[in-house]
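Subject: Model handover and findings

Hello,

Please find the structure below, with notes on what turned up in it.

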Amino acid sequence: MKTRITDIFNIEYPIFQGGMAWVAEHNLAAAVSEAGGLGIIGAGGAPAAFVREQIQKVKAATDKPFGVNVMLMNPEADEIAQIIVEEQVKVVTTGAGNPAKYMEQWKAAGVKVVPVVASVAMARMMERGGADAIIAEGMESGGHIGSATTMTLVPQVVDAVAIPVVAAGGIADGRGFAAAFMLGAEGVQIGTRFVVATESIVHENYKAMLIKAKDIDSTVTGMSHGHPIRSIRNKMTREYLRLEKEGTDFMELEKLTLGGLRKAVMEGDVVNGSVMAGQIAGLIKKEQPCKEIITEIMQEAQNLLGK
Ligand code: TUI
């Protein structure tokens with residue numbers, strides 16, 4: 001399947017792997033790129049030196065294109081932006097903020113820039129700033145989210161910009177892929193299904209929790225201070241929501257989510273940790289290699305879209 005997304009990014013299938021903090025490290029990114037999608041290293045809240053190592057490891061594992069996601073709330077985002085240029089990374093996606101201050105630097109170095117947006121206004125602004133494509137992410141996604149759903153956001157962003165749009169949020173199989181294309185998307189970004197990929201280094205407790213999750217098992221914390229985060233309901237989310245109601249300081253609460261993600265991913269503490277996942281987790285039934293995930297999605301989507 002050829003779209004402007006496969007052309008611009010020089011990939012076989014128009015599937016991006018979400019740049020998930022702690023989860024999307026070199027093993028996962030290299031596996032997705034090798035399978036013909038676009039693997040993406042998630043810089044998340046990690047130090048710049050760690051991100052450079054991850055980039056070098058993906059380069060050693062595959063000759064295929066890959067990207068880096070810069071989470072703009074990372075205190076070392078400036079250094080990471082520079083490392084992307086130095087390491088000649090071909091694609092950068094951004095999240096949780098406005099990447100305008102890095103745009104010129106990246107464009108000058110020939111890096112393709114794909115901001116993740118949660119609104120039409122931000123999509124327009126990013127196109128004016130020189131973005132090569134846009135990822136329109138609905139609130140079905142895991143982690144830091146906006147307020148529009150994928151179903152409503154994607155067609156409105158498609159109408160608002162001329163650059164190609166990648167749909168994200170709630171997509172985990174060929175039906176979701178086909179639906180996104182019906183809305184005008186030319187690619188999809190998938191996160192949650194890749195969390196349970198065989199190549200994903202995520203702790204087995206985390207994977208088991210996603211495989212067991214049902215449709216309504218996620219919840220959103222941080223709504224009141226403007227940093228909504230979707231994760232699977234557990235002791236941490238219940239505690240967070242209680243403290244949030246009591247008006248606890250944002251920085252205190254933030255420790256529960258950002259620090260808690262590492263605890264869940266690396267240590268498997270899915271009780272006190274933050275098990276970020278999208279609403280589509282209920283659809284995911286088993287661990288599979290990235291290659292199998294991508295092949296399955298493409299076959300199902302092509303059957304549907306060919307009808
Ligand atoms: O970035 C994400 N999802 C994430 S980042 C993350 S790491 C983290 N963990 C705990 C606390 C904070 C961060 C986990 N999940 N998705 C992309 C995304 N970006 N969704 C929504 C946005 C967004 C929001 C506001 C993009 C732009 C924006 O602009 C606001 C502005 O600056 O005007």
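Asn-10 is found in the loop between α1 (4–9) and β1; helices here are DSSP runs of H or I of at least four residues, strands are runs of E of at least two, and both are numbered from the N terminus. Phi of Asn-10 is positive, near 60°, and the residue is not a glycine. Asn-10 counts as exposed, at 61% relative accessibility (exposed is over 50% relative accessible area, buried under 20%, partly exposed in between, with a 1.4 Å probe and protein chains only).

Two points on how to read the rest. This is a predicted model, in which local features need pLDDT of at least 70 and side-chain atom pairs count only at pLDDT 80 or more, while totals for chains, interfaces and linings use all residues. Residues are numbered from 1 along each chain as its sequence is written, and side-chain values use heavy atoms, with hydrogens and water left out.

The charged end of Arg-262 sits over the ring of Trp-22, 5.4 Å from the ring centre (the rule asks for NZ of Lys or CZ of Arg within 6 Å of the ring centre and within 35 degrees of the ring normal).

Aromatic pairs

The count comes to four aromatic pairs, where rings of Phe, Tyr and Trp (its six-membered ring) pair if their centres lie within 6.5 Å, and planes under 30 degrees apart are stacked, over 60 edge-to-face and the rest tilted. One of them is Trp-22 with Phe-50: the ring centres are 6.3 Å apart and the planes stand at 50°, so this pair is tilted. The pair links distant parts of the chain, 28 residues apart, with Trp-22 in the loop between β1 (15–17) and α2 (26–34) and Phe-50 in helix α3 (residues 48–61). Phe-50 is partly exposed, at 32% relative accessible area.

Tyr-102 and Trp-106 form another tilted pair, 5.3 Å centre to centre with 35° between the planes. Both lie in helix α5 (residues 100–108), four residues apart, or about one turn of the helix.

Helix faces

Which residues of α5 are buried? They are Tyr-102, Met-103 and Trp-106. Seen down the axis of α5, these fall within an arc of 120°, so they line one face of the helix (the arc is that of the directions from the helix axis to the C-beta atoms). The face of α5 turned away from the buried side carries the exposed residues Lys-101, Glu-104 and Ala-108.

In helix α6 (residues 120–128), the residues Val-120, Ala-123 and Met-126 are buried. Their arc around the axis is only 125°, which puts them on the same side of α6. Exposed Ala-121 and Arg-128 are on the face of α6 turned away from its buried side.

Thr-150 is in helix α7 (residues 150–160) and is buried, with a relative accessible area of 7%. The C-alpha atoms of Thr-150 and Ala-180 are separated by 8.4 Å, although the two residues are 30 apart along the chain.

Pockets

A pocket is an open set of points on a 1 Å grid over the protein atoms alone, where a 1.4 Å probe fits, with protein on both sides within 12 Å along at least five of seven lines; lining residues have an atom within 4 Å of a point. Grid points are joined across faces, edges and corners, and a volume is the space filled by probe spheres set on the points.

The largest pocket has a volume of about 930 Å³. Its lining has 46 residues, of which Gly-19, Glu-137, Gly-142, Gly-143 and His-144 lie nearest the centre. Elements giving two or more residues to this lining include β3 (66–71), β9 (187–190) and α10 (204–212). Helix α12 gives the most, with four residues. By class, the lining of the largest pocket has 23 nonpolar, 20 polar and three charged residues (Ala, Val, Leu, Ile, Met, Phe, Trp, Tyr, Cys and Pro count as nonpolar, Asp, Glu, Lys and Arg as charged, and the others, Gly among them, as polar).

The second largest pocket holds about 210 Å³ of space. It is lined by 14 residues, and Asp-63, Lys-64, Pro-65, Phe-66 and Lys-90 lie nearest its centre. This lining divides into five nonpolar, three polar and six charged residues.

Regards
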